[in-house]
Amino acid sequence: MQKSILIIGACGQIGTELTIALREKYGNDSVVASDIREGSENLMQSGPFELLDATNYEAIEDVVMHYEIAEVYLMAAMLSATAEKFPMRAWNLNMNSLFNVLNLAKEKKIDKIFWPSSIAVFGPNTPKNETPQHTLMEPSTVYGISKQSGERWCEYYFKKFGVDVRSVRYPGLISWKTQPGGGTTDYAVEIFHKALSEKKYTSFLNEETKLPMMYMDDAIWATISLMDANNGDLSIRSSYNLGAMSFAPRELAECIKTHIPDFEITYKPDFRQEIANSWPASVDDSKASQDWGWAPEFDLGKTTEEMLKNLEQ
């Protein structure tokens, strides 16, 4: 029998592209998209969609039962910069949505969960370069605290109840298909739009703030390949470090200038600078490589080419 998949938070930056990729892999009717609002025309027309509040257990359970769902990808979350403005709303969404799907799996109503963590789990006392898989965390943001708590609960449900939950710590994600969703790494998407429309950009991070980043195609591949991995091969049930490239705004601007020579960048750091200062500059993702064959395809140069080429069209 074909596996049935539910994506909660399907209209967000990652969810939109993940939904399309999973529908291409498993068939449109096998992948149910859901969110608290409707999404892009492509997402809405390519397969089943349900309006769904990620914090409402009964509503999620109804959809799971109706479609005989086997796997849930929980992509609903309030991201770092937005969560600092609405801390209790962020905590409520990020944590209660996770408990809802963990408890459905505990009750054997679904078989497998994907839940994304983030480099936001790390804090100012974490080693900055090649941050280890297991290290001091101490996150200093609402988003990071919720993600670190989520990692601990995922591992607890795996060990205590045998719940098959899988996770990666996403770095900053770069995509031309969807708008960013209120994260601290959003400058790395906005800059391409501004480079093409205005040939100038004001960065909300300073020029030397190096952060781990990833092109969206790599993030989607990592997510699906982790879910396809054999259960017995996985040694991490909190969340896997995931890296692809690390760069600062100045380096990204210089790369863009090789395509748009008269592009100019200025710097006006805001409250997001303090968030970025607490995050790693690069991560050690060797565990992901060993356990399920993770390897990125896109570096800074290839990402810049893809972004500019697709946004120009």
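## Helix H1

Buried means under 20% relative accessible area, exposed over 50%, and partly exposed in between (1.4 Å probe, protein chains only). By that cut-off, 12 of the 14 residues of H1 are buried, so this helix is largely enclosed by the rest of the structure. Among them are Gln-13, Glu-17, Arg-23 and Tyr-26. Helices (H or I, at least four residues) and strands (E, at least two) are DSSP runs, numbered from the N terminus.

H1 covers residues 13–26 and reaches 21 Å from its first C-alpha to its last. That is close to the 20 Å expected at 1.5 Å a residue, where the expected span is 1.5 Å times one less than the number of residues. Gly-27 follows H1, with a positive phi near 100 degrees.

## Basis of the model

This is a predicted model: local features need pLDDT of at least 70, side-chain atom pairs count only at pLDDT 80 or more, and totals for chains, interfaces and linings use all residues. Residues are numbered from 1 along each chain as its sequence is written, and side-chain values use heavy atoms, with hydrogens and water left out.

## The E9-E11-E13 sheet

3 strands form an open sheet in the order E9-E11-E13, with mixed pairing. Two strands pair if DSSP finds at least two bridges between them. The edge strands, E9 (172–174) and E13 (245–247), each pair on one side only. Strand E11 (residues 211–215) runs antiparallel to E13, and 3 bridges join them. Met-213 has Met-245 of E13 as its bridge partner.

Two helices pack on this sheet. Helix H7 (residues 187–197) touches E9, E11 and E13, and its direction makes about 25 degrees with that of E9. Helix H8 (residues 216–228) touches E9 and E11, at about 80 degrees to the direction of E11. Axes are lines fitted to C-alpha atoms, for helices over the stretch in contact, and angles run from 0 to 180 degrees between N-to-C directions. Contact means heavy atoms within 4.5 Å.

## Asn-94

Asn-94 sits in helix H5 (residues 87–106). Its relative accessibility is 4%, so Asn-94 counts as buried. Leaving aside neighbours within four places in sequence, Asn-94 contacts Ala-77, Met-78, Tyr-143 and Ser-146.

## Pocket lining

H1 supplies the largest share of the lining of the largest pocket, 4 residues. A pocket is an open set of points on a 1 Å grid over the protein atoms alone, where a 1.4 Å probe fits, with protein on both sides within 12 Å along at least five of seven lines; lining residues have an atom within 4 Å of a point.
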